[in-house]
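I set down here what I looked up in the structure shown below. The entries follow the order in which I consulted the model.

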Amino acid sequence: MICRFSTEASRRELTPVDNLFLSEFMPDADPVDVTVYLYGLMLCYHPSMRGLSVADALALSPARVTKAFVYWQNRGLVHIAGDDPLTVEYLLATQPAVTTATPTKYRRFLTSLHALTAPREFSASELRHIYDCMELFLLDEGAVLELVAHCMQQKGSRVSVNYITKVAETWSLSEIRTFEQARAYLDDYAQSHHGALEVLKRWNKRRKPTQDEMRLYETWQRDWGFDPEAILTVCGQLTDVGSPTFTILNDRLQALHAQRKTTKAQIEGEAAQRETLRAFCREVFAKMGKVEPPTPTHLAQVQMYLEEKGLPREVILLAAEACATAERPYGKLKTILTGWSELGVRTVGDAKKQLEKAPRAQGTHRRKNPAAHGYAQHNYTNEQVEHLIADLTEDIH
């Protein structure tokens, strides 16, 4: 058997309000907070009135209703027992407030803390650890509030106070102690986290970035001057890497930073130049009859002859064609190009004259006496000899 007042009958009933509330609590409260408290009190006495939520009945947002109940919880008049759904237990107005044992200097801070973490309440022992963040680690109140919000974002609303204090110690050692310093750090942290996450997404890796990866990303942006677009551009160039990593990406970015190429346009231009050089090296190899692709060392050496030595492309191709029958075509090519560079050969005509002075060897036979080729003899230093030996070794492999 169920007996109850109808909703219309409940509307005509009375809701008793303790005079202590009217005299001691209401005068200092925000009018909206008072309205929420009184409406909730009515629902306690008349459950049949619960057809509408407090937010809908008062035309308020759910967040504003929660904020009001957090205020009354701090004043000791209610207890938020759950947040999904929001469950509020009304206490006697004469019952001591939860915060009466709070040191006076922390009263305002504790109000802000409860508003931040509601409906979670910290125990007295937990609060002592949070006070230590200010007393021992010298963080100001604003920094501690930012710290707690950050820890809750990382670990959830039930984050342990031990974790909060460990992060507070780390911040203090890093001299992050004021609200402004905390905001600046968290802004950088958010950028690094988002940027590192975008790199992982580019590689189809579905996981969160590690602290080390985020620190690398921060270095790329803050210290080396790469913007997010530039970093992602380099990510797209790692197609020659089977499993790209932040370490490999870091090496590529470090090389570009050394060349002062840190924007997307500069990086794309460098890549285009690199591809043009690679295509030319493949053409040189084809003239020599080499089928394997040029290595990075080959690219660097051919680039040296083009840029530092000033040899035209057509001159290099002519020399490559002359090396087709040599036992070590690339080694011979470098010998020819080095000699031509020293002789000032810069045109195809001059190059052909040099080749006429040194007729090509018949077939694949190569004369042992280099003087017989008609090239000028040189006196090499020990360092130059070692360099030539290293080049020959490279050709063999």
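How many disulfides does the rule count? I recorded 0 disulfides, a disulfide being a pair of cysteine sulfur atoms within 2.5 Å.

I noted that this is a predicted model, in which local features need pLDDT of at least 70, side-chain atom pairs count only at pLDDT 80 or more, and totals for chains, interfaces and linings use all residues. Residues are numbered from 1 along each chain as its sequence is written, and side-chain values use heavy atoms, with hydrogens and water left out.

Cysteines. I looked up C281 and found it buried at 0% relative accessibility, whereas C44 is partly exposed at 39%. Buried means under 20% relative accessible area, exposed over 50%, and partly exposed in between (1.4 Å probe, protein chains only).

Strands. I found β1 (residues 78-83) paired with β2 (residues 86-90) in the antiparallel sense over 5 bridges. Pairing requires at least two bridges found by DSSP between the strands. A hairpin of 2 residues links β1 to β2, and V78 lies opposite Y90 in β2.

Helices. Helices (H or I, at least four residues) and strands (E, at least two) are DSSP runs, numbered from the N terminus. Helix α15 (residues 296-307) has 12 residues and spans 16 Å from first C-alpha to last, close to the 16 Å expected, that is, 1.5 Å times one less than its number of residues. Its buried residues include H298, Y305 and L306.

S341. I located S341 in helix α17 (residues 329-343). S341 is buried, at 15% relative accessible area. Beyond its neighbours within four places in sequence, S341 contacts K309, L311 and R346, contact meaning heavy atoms within 4.5 Å.
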